[in-house]
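Colleague: Please take a close look at one part of this model for me. I would like to understand the place where the two chains meet.

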Protein chains: 2
Amino acid sequence: MADVKSKASVLLVGGGSVGAIAALNLETGKQAAVTIVCRSNFNAVSQNGYNIKSCDHGKINNWKPTKVLNAIPKASEGSTFDYIVCVTKNVPDVPPSLSDLIRPAVVPGKTVIVLIQNGLNIEKPLIAAYPQNIVLSGVSLIGANEPSPGHIDQDFPDTLFIGAFANPNLSPQTQKAAAEDFVSRYSAGGKTQCSLDTRVDWTRWRKLVYNSCLNSICAITDLDTGRIRLADDAVAHLVRPAMLEIVAAAKAAGHELPATVVDDMIEMDPLDMYLPPSMLSDTRKGNFIEYENILGEPLREGEKLGVPMPTLRVLYYLCQAIQWKNKELRGLVSIPPKGNYVT
Amino acid sequence: MADVKSKASVLLVGGGSVGAIAALNLETGKQAAVTIVCRSNFNAVSQNGYNIKSCDHGKINNWKPTKVLNAIPKASEGSTFDYIVCVTKNVPDVPPSLSDLIRPAVVPGKTVIVLIQNGLNIEKPLIAAYPQNIVLSGVSLIGANEPSPGHIDQDFPDTLFIGAFANPNLSPQTQKAAAEDFVSRYSAGGKTQCSLDTRVDWTRWRKLVYNSCLNSICAITDLDTGRIRLADDAVAHLVRPAMLEIVAAAKAAGHELPATVVDDMIEMDPLDMYLPPSMLSDTRKGNFIEYENILGEPLREGEKLGVPMPTLRVLYYLCQAIQWKNKELRGLVSIPPKGNYVT
C-alpha cells in the first residue's frame, strides 16, 4: 500500500538533531515532502544544508529537505500540511506553548499533529486547543546531537514508536489509520525502525524510567551517564530509587513494566560513551530543560495515584530551581536589586 | 582574671577569611600570639599582610599576626603551642585528615585543639587520635569571605560560641577551664561576641539547620541564599522540608530546637545580600565541599535514631556525586577511557 501513495506534505517543527534525522527518514522514503522549520541553525541549514554522520544513513553532506523555513508558515496563506511533526523541546513553563507556536499552520479537524517529544501528558494542551485533530504519540530512542549548527552526529539508531494519543472526540479507527499511514511513510526508506505501537503509553512510561531519573540526575550533578555510574553511590542511592518510583507510578497508572527495566535503562548507554543525556546537554548550553513533562507530570500522576515518590519530588524541585536560574539569566523573572553591603 | 594572663601561643591553621578574623580578634586582645598557617594566600599574606574591611574592626591594611607560615611547624623542633585553632575546611573524604594535618604540632596531653568548623562529629577523629588532649567546639556565625588572596571582607559580626567536646578520658572541669580560658583570650579585644556555651552541641545542631539544608541546596542549584528564596517553590518544597528533618533529628538526639528556628535560618541572610553560602562558594571555585560533616553526619545520626530524612538523603547523595566530579577533575579518581564512537 505504502508504495502507491502520493507524497504527504509534512511540516517538521524543530530542525535540531532529532528533527534533521526525522526529515531525512521521511524524505528518503519518497512518500513525504518535508518543510523544516529551523531556529538557531537556520542560516547554516538554509545556506549549506545539513552535514550528517549517521549510524543509520552514513555520511551525507549538504543535504536539504524540500524546504527550509525560519518561521511557522500560515495555513491562511495557502501553506497546508497533512502532518505537523513536532520535535522541538517541549518546555511548557516557558512561553510560547507548543499549541500556540504551531497555531498558524494547523487546519482544525484536518492536520495530523505528531509529537516526537519526551514526557507525559504532552498531548493534553494540544487536544484541548485542537479537539478535532488527531494527535500522534512518537517515542524516539534515537541518540543524536548537533555539535555545531547544521552538523548532526547520530550515534544510536533511530527507533521510533508511533501510536495515537486517545482523543475522545474522534473514532479510534481514524486515529489508528493516521498512525499507520505515518509509520508507513516514515519507514518507507528502509533505514530506520519505525513501528506502530498499540501500547504507546506503556512505551512512553518505559522511556520515563530513563528520562525522569537518569536524565534529571545527570543534569543536576553535571555528570554524564557514564560518570554517574562511576560516581560512588549515585546509582544505588539516587538513580535506582528514583527509577523504582517511576516503575511504581507506571504500575499504578496501569502500565506494568518488566522487572529488568531499571537495569536496562541504567546500562542503556555504554558507560565509556560518557553520553550527556538531553537535560544535561541543555543545562550545559544554558538552554531550558524539559523537566515539567519529563519529571513533573509523572510525579503529579504518581502522587495523585497514591505512590510515594520522595526521590523524584526532591529532583523535581531542584530542577525547578535550576530552570528558575536560567529564567533569571534570560530576563524572564526579575529580582530585587542588591542591597548596599560591604562586598 | 584575663588581663593578668601572659600571652598564650596559638597556632591558627587556615588563613582564609574566618581564620584571618579569628587571628585579628586573638591578637587585638593582646592575650595571644598567633602563628597563622596559610596555603593558597601565603605569598600575599607573608609579603603584604591582610587587607581587611570588617564590620567589627573597620578598615585595616597590611596587618600581620605574629608569624605567618606556609606549613605546620613541628613540636619536635621546639614549636609548641598552647592552642591549635583549626579553621580550615574539614573534608574528611579527601586526605589528609585534619588529625594527620596538625600532627607535627600536637603535643599529646597538652595542646588544646579548637575546632572552629562546621558539621557534626568532627571531634571524633581528633579525640581518637589524641585521646589525652582537650578538643574545644567552636561554632562561628561570622559572615566573611576572601575575594582575592589576603583581602578579607567581613559582612556579618563574628559571633563565636565555645564549649568543650566531651572527651571521656578527661575531667569535665579541666575541659571547661580550657574553654573559659580560650573565650577570655578571644574576647579580650572587645570587638567580638565570643561566649562560653554550656550547650554547644545544641548550638552546633542549630547551625546545621542552615548548613545541612540551605547551604547544600544552594550548592546543588548554584543559587545564593537570596535567589533560592525567590526561585518558585524551592523554600516550600526543598529548604523547609529539609530543615524540618534536621529539627527532627536534633530532637531525637536530645536537642530541642525552638519552633522559630526554620524561619530564622531561612531569613538569616538578608535576601538582597544574595549571599553564596560556603558550599556554594566552594563549588563555584572548584573546591571540595564539606558535605560529609555538614550533611552526611546529621543524616547518619538522624537515620540511626529512626528519623525519616528523605529530602536530606537525596541532597546528600547529590552532593556526593558533585564531590566525585571534583575528585575526577583533580585526578583523585580515574575512569575508563572513552570508547570509539561517532562523536
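Modeller: Let us start with the contact itself. This is a predicted model. Chain A puts 44 residues into the contact, and chain B puts in 44 residues. How much area do chain A and chain B bury between them? The value is about 4,000 Å², and 64% of it lies on carbon and sulfur atoms. The size of an interface is often given in this way, as the accessible area lost when the parts come together.

Now the polar side of the contact. Twelve residue pairs are in polar contact across the interface of chain A and chain B, with both residues at pLDDT 80 or more. Which elements of chain A touch chain B? β10 (151-156), α6 (200-221), α7 (227-230), α8 (234-252) and α12 (310-329) of chain A each supply at least two residues to that side. Among these, α12(A) gives the most, with 13 residues. The residues on the side of chain A that touches chain B split into 24 nonpolar, eight polar and twelve charged.

Charged residues bring us to salt bridges. Side chains of opposite charge can pair when their charged atoms come close. Between chain A and chain B, the count is four salt bridges. One of them joins B:E328 and A:R227, at 2.7 Å from N to O. This pair crosses between chains: B:E328 sits in helix α12 (residues 310-329) of chain B, and A:R227 sits in helix α7 of chain A. Is A:R227 buried or partly exposed? Its relative accessible area is 21%, so A:R227 counts as partly exposed. The cut-off for buried is under 20%.

Another salt bridge links A:K325 with B:D222, and their closest N and O atoms are 3.7 Å apart. There is also a network: salt bridges link A:D222, A:R284 and B:K325.

For comparison, look at the whole model. It holds 33 salt bridges over all chains. One of them lies within chain A, where A:E180 pairs with A:K176 and the closest N and O atoms are 3.5 Å apart. These two residues are four apart in helix α5 (residues 172-187) of chain A, so about one helical turn separates A:E180 from A:K176. A:E180 is partly exposed at 38% relative accessibility, and A:K176 is partly exposed at 43%.

Chain B has a salt bridge of its own between B:R300 and B:E292, with the closest N and O atoms 2.6 Å apart. Here B:R300 is partly exposed at 36%, whereas B:E292 is buried at 12%.

Notes:
Residues are numbered from 1 along each chain as its sequence is written. Chains are lettered from A and ligands numbered from 1 in the order in which they are written. This is a predicted model: local features need pLDDT of at least 70, side-chain atom pairs count only at pLDDT 80 or more; totals for chains, interfaces and linings use all residues. Side-chain values use heavy atoms; hydrogens and water are left out. Contact means heavy atoms within 4.5 Å. Buried area is the accessible area (1.4 Å probe) that two parts lose on being put together, summed over both. A salt bridge is a side-chain nitrogen of Lys or Arg within 4 Å of a carboxyl oxygen of Asp or Glu. A polar contact is a pair of N or O atoms within 3.5 Å; within protein, one must be able to donate a hydrogen and the other to accept it, and residues adjacent in sequence count only if both atoms are side-chain atoms. Ala, Val, Leu, Ile, Met, Phe, Trp, Tyr, Cys and Pro count as nonpolar, Asp, Glu, Lys and Arg as charged, and the others, Gly among them, as polar. Buried means under 20% relative accessible area, exposed over 50%, partly exposed in between (1.4 Å probe, protein chains only).
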